[in-house]
Amino acid sequence: MSTVITNIATLVTNDPSLGDGPLGLIQDAAVVIDGDRVAWTGESRKAPATDNRVDAGGRAVVPGFVDSHSHLVFAGDRTEEFNARMSGRGYTAGGIRTTVAATRAASDEDLERNLTHYLREALRQGTTTFETKSGYGLTVEDEARALRIAARHTDEVTYLGAHIVAPEYADDPAAYVALVTGEMLDACAPHARWIDVFCEKGAFDGDQARAVLTAGKAKGLHPRVHANQLTYGPGVQLAVELDAASADHCTHLTDADVAALASGNTVATLLPGAEFSTRAQWPDARRLLDAGVTVALSTDCNPGSSFTSSVPFCIALAVRDMGMTPDEAVWSATAGGAAALRREDIGRLTVGARADLALLDAPSHVHLAYRPGVPLVTGVWRGGVREV
């Protein structure tokens with residue numbers, strides 16, 4: 001069955017050859033869905049005949065958001081930690097251990113129920129593709145089951161056994177790295193596409209991160225890196241050296257870090273929800289964009305440092321506090337996220353792309369930043385099926 005969505009005030013295609021500017025904007029537009037793919041885009045008056053017709057009512061349509069960094073397989077709650085932090089206590093990576101204990105104690109059913117709850121929440125806000133990680137089990141069994149659960153809901157699954165050193169290995173981190181790169185990797189690799197490491201003071205240093213990522217690559221997993229979130233460090237340049245798809249956070253960057261990102265294929269994924277929730281320094285998106293770095297925006301949804309599933313919220317933060325224009329932020333949350341997952345079939349509304357799109361209760365995509373906190377997403381199609 002084919003469907004035309006017509007009377008679109010502004011259509012964001014992310015293809016400059018189809019319309020105005022980097023977003024390829026088409027005014028008074030239509031988009032045709034055939035099966036799970038986009039079959040046509042253009043002006044409404046030129047739309048071909050289809051089986052079904054949806055009137056957008058003069059509202060905007062954007063590609064479905066691509067959330068390329070999240071941590072959704074977890075149990076427990078860290079409300080008290082957040083409350084204390086907002087009352088003056090600083091954020092450190094150690095809070096992860098609280099979630100590890102709760103996740104280990106949870107049943108598979110509880111973990112999956114929690115995951116699907118946040119996926120539905122994200123879908124209602126326009127997210128049609130998401131990546132998610134393990135990292136709250138830190139045992140062979142718990143990491144593998146997290147990935148099995150995640151893989152039932154997305155193809156973009158990341159093994160993050162190297163989130164922090166497991167509590168029982170606190171006095172012997174080398175032994176934990178050996179576990180992560182050995183038995184745990186063997187158990188987890190069949191269920192994942194990606195491997196990640198938290199390269200940060202209090203987690204894993206550059207040499208340990210290199211060992212984890214190279215072991216993962218040898219098993220066919222492609223690298224991603226939690227890099228330069230809390231301090232300056234080797235994470236970004238390690239990511240570029242190993243051709244990681246994404247270096248995530250990128251808050252503390254030297255000129256050499258920026259130059260490395262600009263010269264390589266690694267996307268800088270910025271996660272403003274983390275800075276919002278920890279009152280930390282904002283990443284300088286303007287500096288990266290002006291240097292020619294490809295930038296993605298994502299939620300980092302997790303129960304500790306960024307408990308939001310809202311990409312529109314992150315777009316508003318990026319525009320308000322990180323130096324991005326509304327156009328740049330929307331591109332980064334769609335096509336940028338797709339680049340961070342090395343996908344060309346999502347994050348754009350062009351012929352042959354997946355029919356993933358969001359209808360906004362606004363005439364322009366700019367309203368995502370202009371009206372922060374307002375639930376503007378009023379319709380979502382994923383793979384050609386309307387789900388919201």
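The model is predicted, so local features are described only at pLDDT of at least 70 and side-chain atom pairs only at pLDDT 80 or more, while totals for chains, interfaces and linings use all residues. Residues are numbered from 1 along each chain as its sequence is written, and side-chain values use heavy atoms, with hydrogens and water left out.

**Stop 1: the open sheet**

Helices (H or I, at least four residues) and strands (E, at least two) are DSSP runs, numbered from the N terminus. Select the strands E3, E2, E1, E4, E15, E16 and E17. These seven strands form an open sheet in the order E3-E2-E1-E4-E15-E16-E17, with mixed pairing. Two strands count as paired if DSSP finds at least two bridges between them. Strand E3 (37-43) and strand E17 (385-386) stand at the edges; each has a single partner strand, so one side of each has no neighbour in the sheet.

Now go to strand E4 (residues 52-63) and strand E15 (residues 357-360). They run antiparallel and are joined by three bridges. Select valine 62 and look across to E15: its bridge partner there is alanine 358. Strands of a sheet pair through backbone hydrogen bonds, either parallel or antiparallel.

**Stop 2**

Select strand E8 (residues 157-162). Six of its six residues are buried, where buried means under 20% relative accessible area, exposed means over 50%, and partly exposed lies in between (1.4 Å probe, protein chains only).

Threonine 132 stands opposite valine 157 in E8. Between the two strands the chain passes through H4, and this β-α-β crossover from E7 to E8 is right-handed. Right-handed means that, with the strands pointing away from the viewer, the path from the first strand over the helix to the second runs clockwise.

Threonine 158 is the residue opposite tryptophan 194 in E9.

**Stop 3: serine 134**

Select serine 134, in the loop between strand E7 (132-133) and helix H4 (140-151). Is serine 134 buried or exposed? Serine 134 is buried, at a relative accessible area of 0%. Its side chain makes a polar contact with the side chain of glutamate 143 at 2.6 Å. A polar contact is a pair of N or O atoms within 3.5 Å; within protein, one must be able to donate a hydrogen and the other to accept it, and residues adjacent in sequence count only if both atoms are side-chain atoms.

Leaving out residues up to four places away in sequence, serine 134 touches several others, including His71, Ala146, Thr158 and Gly161. Contact here means heavy atoms within 4.5 Å.

**Stop 4: isoleucine 96**

Move to isoleucine 96 in helix H2 (residues 96-105). Isoleucine 96 is buried, at 3% relative accessibility. Apart from residues up to four places away in sequence, isoleucine 96 touches Arg78, Tyr136, His163, Ile164 and Phe198.

**Stop 5: salt bridges**

A salt bridge is a side-chain nitrogen of Lys or Arg within 4 Å of a carboxyl oxygen of Asp or Glu. How many salt bridges does a search of the whole structure find? The search finds 23.

Select arginine 85 and glutamate 81, whose side chains meet in a salt bridge (3.1 Å, N to O). The two residues are four apart in helix H1 (residues 79-86), which means about one helical turn separates them. Arginine 85 is buried at 4% relative accessibility, and glutamate 81 is buried at 14%.

Then select arginine 210 and glutamate 241, which form a salt bridge with the closest N and O atoms 2.5 Å apart. This pair links distant parts of the chain, 31 residues apart: arginine 210 is in helix H7 (residues 206-218) and glutamate 241 is in helix H8 (residues 235-241). Arginine 210 is partly exposed, at 33% relative accessibility.

**Stop 6: two positive phi angles**

Select asparagine 228, in the loop between strand E11 (225-227) and H8. Asparagine 228 has a positive phi of about 60 degrees although it is not a glycine. With a relative accessible area of 1%, asparagine 228 is buried.

Finish at aspartate 243, in the loop between H8 and strand E12 (246-249). Aspartate 243 also has a positive phi, near 55 degrees, in a residue other than glycine. Aspartate 243 is partly exposed, at 28% relative accessibility.
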